[in-house]
Structures are given as structure tokens and as C-alpha cells.
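Please look through the sequence and the structure shown below before reading on. The paragraphs that follow lead from the sheet to the helices and then to the loops.

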Amino acid sequence: MEQQILEWTNQERAKVNALPLRWNNRLGLAARLHSDEMASHKELSHQVKGEPPFTQRLSERGAKFSGAAENVGYGDSAEELHSGWMHSPGHRANLLNPVYTEMGVGIVRAANRLWATEDFATSLQNLSSEDFEHTVEQQISSRRRDHRLGALKVTHPPELRRIACSGESSAGVAFSALPHHDTQASAFNFTTPSPNDLPVNLMKKVLELPSGSYSIGACPTKADNNGMSTFRVLVVLYR
């Protein structure tokens, strides 16, 4: 039934030109455990007494994500569950949201009733710090080529990555990683779930430089209280 609901969901997403969702075992486990809790308590809820918020539940099962949503319901059959979600505006919006990339479904039968949970997530790419930095580098190079600008020299100072891993949120701390402290420079310190999703002000500055170089350091962050994961990135641009 769980895989059937994934299949039906992707059929509906295709109708609105949304990419299909991939099955995620961690989301599926979290969904199944929550359905079991609802069945045990005979309560339809996103947070049964004693449970953490749903995003924390997903994180505890090992899911890494930058966004998530959840549908819950009960019914007599998988068809009834799916139909109920599709005819509810909020649940339907979760099902068809193009932001989400993965899905897990958990269905538990108690007596003659099916208790069900659908968990959706925008997966955090499984990248190392080095991979993330190099993908950002590719993004910057591509944007400059599109504007017929020359390439910027790039360095990856270990100190800059260490600062990113420290969780320090000030842009000013990045200047300590500059090879020459008297160089004219601009520093950026931000978090992002994807190396393809960079701040507008950073990209604006990148395209303003006729020439020069930059340093970059990135580090995955620990999941926050909502279970969300991301990367902290420090970029220093200098002439």
C-alpha cells in the first residue's frame, strides 16, 4: 500500500509538471512509527503526546533535509486515504509541491482502520565540504562566463572552513583567512541547503568584479531544533 501511494502521488505530480518523488527509507520509517503512535492513541495528530515535532522525528531517523511537510489520515483503504488527501487543499498542496524531492509513507492497521502518515522532504545533498565548495565555485564560474567575464582565482583555506564549522555567523571573522589583510575585500557568511542557491548580494558582487580572486570555506551544520540541515558558507572576494 505504501509504495502504491507513492506511485499515485507521482502520477498526480506528473499532471502539474512536478518532478517525481523518490522513496526515502528513513522518511518511511519515521512515518510508520508515527502511524503506529496514532493507532495506539486512537488520535489523528502530527504530534501525539510524548512525541517531538514531526521534523525532529524525521531527523532522529537519520533524514537530512532543508524543508519538510507531513500529511496524516485514516481510512478503510489506501484508495480512500489518497483520495482524501487529494481533495483537501492543504494536503494536496503538500503532495504536489515541486520543492519536495523525497517521500516516505507509513500505514498501520488497527482493527478495521488504516492509520497513515506521509512525510515529504527536500533532501540535503550528500556532499562533503570539499564537494560543496567546488560546486559553489562552478556556479560562480558559470555566472561569470554567462556575463562574458574572466575567471576569478579561487583558494580553499582550511582556516576559512574551520571558521564555517565553528558556526560563527559574523561575516567579519572571515577576514582572518585573507592572505593579505590590507587587501580590499568583501566577506559573506551565510547558510544554504544547496550550492546552487546562493545569496543575491554575493552573486551581484561576483559580477561587479572585473578581475580578482576569492576564498571559500563550507561546512555542514548540525540539524537545528526543527531537524533542518544546511551548510554554512564563508566567501571572501578581493581584488
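Helices, in the sense used here, are DSSP runs of H or I with at least four residues, and they are numbered from the N terminus. His-34 is found in one of them, helix H2. The model that contains this residue is a predicted one.

Buried means under 20% relative accessible area. His-34 has a relative accessible area of 1%, and therefore it is buried. Leaving aside residues up to four places away in sequence, His-34 touches Ser-45, His-46, Gln-47, Val-48, Glu-51, Arg-57, Glu-70, Val-72 and Thr-117.

The next element to consider is the sheet. Strands of a sheet pair through backbone hydrogen bonds, either parallel or antiparallel. In this model, four strands form an open sheet with mixed pairing, and their order is S1-S3-S4-S2. Strand S1 (22-23) and strand S2 (65-75) are the edge strands, each pairing on one side only. Between S2 and S4 the pairing is antiparallel and extends over 10 bridges. As an example of a bridge, Ala-68 has Ala-121 in S4 as its partner. Helix H2, residues 25-41, packs on the sheet and touches S1, S2, S3 and S4. The direction of H2 makes about 30 degrees with that of S3. Helix H4, residues 78-86, lies across S2, S3 and S4 and runs at about 125 degrees to S2.

How do two helices pack against each other? Two packed helices are described by the angle between their axes and the distance between the axes. For H6 and helix H8 (residues 200-208), the axes come within 10 Å and cross at roughly 55 degrees. H6 and H8 are therefore oblique to each other, and their crossing is right-handed. On the H6 side the contact is made by Ile-140, Arg-143 and Arg-144, and on the H8 side by Met-203, Val-206 and Leu-207. Sorted by class, the contact of H6 with H8 has four nonpolar residues, two charged residues and no polar ones.

Two loop residues remain. Most residues other than glycine have a negative phi. Ala-111, however, has a positive phi, near 60 degrees. Ala-111 lies in the loop between strand S3 (102-110) and strand S4 (113-123), and with a relative accessible area of 71% this residue is exposed. Arg-148 likewise has a positive phi, near 55 degrees. The loop that holds Arg-148 runs between helix H6 (129-146) and strand S5 (153-155). At 81% relative accessibility, Arg-148 counts as exposed.

Conventions. Residues are numbered from 1 along each chain as its sequence is written. This is a predicted model: local features need pLDDT of at least 70, side-chain atom pairs count only at pLDDT 80 or more; totals for chains, interfaces and linings use all residues. Side-chain values use heavy atoms; hydrogens and water are left out. Buried means under 20% relative accessible area, exposed over 50%, partly exposed in between (1.4 Å probe, protein chains only). Two strands pair if DSSP finds at least two bridges between them. Contact means heavy atoms within 4.5 Å. Axes are lines fitted to C-alpha atoms, for helices over the stretch in contact, and angles run from 0 to 180 degrees between N-to-C directions. Angles under 35 degrees count as roughly parallel, over 145 as roughly antiparallel, 65 to 115 as roughly perpendicular and the rest as oblique. A crossing is left-handed if the near helix is turned anticlockwise from the far one by less than a right angle, and right-handed if clockwise. Ala, Val, Leu, Ile, Met, Phe, Trp, Tyr, Cys and Pro count as nonpolar, Asp, Glu, Lys and Arg as charged, and the others, Gly among them, as polar.
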